[in-house]
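Trainee: Could we go through this one together? I would like to start with a helix and then move on to the packing.

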Amino acid sequence: MLERYHRELLNFLARQVNDRDTAADLAQESFVRVLTAESSGQAVLDMRAFLYRTARNLVIDQHRRNEVRRHDDLDAWPEDQHLPAPQHLQPEERLASQQVIRAYVATIEALPARCREAFVLHVFDDCSHARIAQHMGISVSMVEKHIVRAMVACKLCERRLRGQGGRDPGKTDVRREAPR
């Protein structure tokens, strides 16, 4: 089969891809695939047609790969025309975001256990005051006080992050700063 169709297939592929070396690679791959299909027991009624269909599919795949890879060389662009990464992916922004998150987490962790539980249920689990009160076995009024206390602590954390306060957000003593 190889001797019978090789030159014919190679010429066909060379016309398709306009490159003799690429055509030779595609021809070889076509023969490998056809022989693999034949040795696996697949019935091949017309070997020439199957070989050409395989080669044609490989040309299409090659064209698709080339289209995906086709783009301007980024190193050739002037530095001032490079598009920046989105703001949230900038290293400074990511670091600042991580610091803010750590400060809020530290503030929430510094809350008394029951206050923290009510706040987390309300803010993160989106539970109503009545549902939190039932879950915790306390009054709705007490739930509201816990939530207000936690929100005040978070507000103080926010002020410190903006530079309006001088204390470290991770060292919050909520009992002294939040109203009772």
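Trainee: How far apart are the end C-alpha atoms of helix H3, and what should its 23 residues span?

Mentor: The end C-alpha atoms of helix H3 (residues 47-69) are 33 Å apart, which agrees with the 33 Å that its 23 residues should span at 1.5 Å a residue, where the expected span is 1.5 Å times one less than the number of residues. Helices here are DSSP runs (H or I, at least four residues), numbered from the N terminus. Keep in mind that this is a predicted model, in which local features need pLDDT of at least 70, side-chain atom pairs count only at pLDDT 80 or more, and totals for chains, interfaces and linings use all residues. Residues are numbered from 1 along each chain as its sequence is written, and side-chain values use heavy atoms, with hydrogens and water left out.

Trainee: Which residues of H3 are buried?

Mentor: They are Met47, Leu51, Tyr52, Thr54, Ala55, Leu58, Val59 and Gln62, where buried means under 20% relative accessible area, exposed over 50%, and partly exposed in between (1.4 Å probe, protein chains only). An α-helix has 3.6 residues a turn, so residues three or four places apart point the same way.

Trainee: What does Leu51 touch, leaving aside its neighbours within four places in sequence?

Mentor: Leu51 is then in contact (heavy atoms within 4.5 Å) with Tyr5, Leu9, Ser30, Phe31 and Val34. In the largest nonpolar core, which has 17 residues, Leu51 is one of those that touch the most other members, together with Leu9 and Leu13. A nonpolar core is a set of buried Ala, Val, Leu, Ile, Met, Phe, Trp, Tyr and Cys residues joined through side-chain atoms within 4.5 Å.

Trainee: Which elements give two or more residues to this core?

Mentor: Those are helix H1 (2-17), helix H2 (20-39) and H3. A second, separate core has eight residues, among them Cys127, Ala133, Val143 and Ile147.

Trainee: Changing topic, where is Val148, and is Val148 buried, exposed or partly exposed?

Mentor: Val148 belongs to helix H7 (residues 140-161), and Val148 is partly exposed, with a relative accessible area of 45%. Its C-alpha atom is separated by 9.2 Å from that of Cys115, which is 33 residues apart from Val148 along the chain.

Trainee: And how confident is the predictor?

Mentor: The mean pLDDT of the chain is 83, and 83% of its residues reach 70 or more, pLDDT being the predictor's confidence in each residue, from 0 to 100. Over residues 165-180, however, pLDDT stays under 50.
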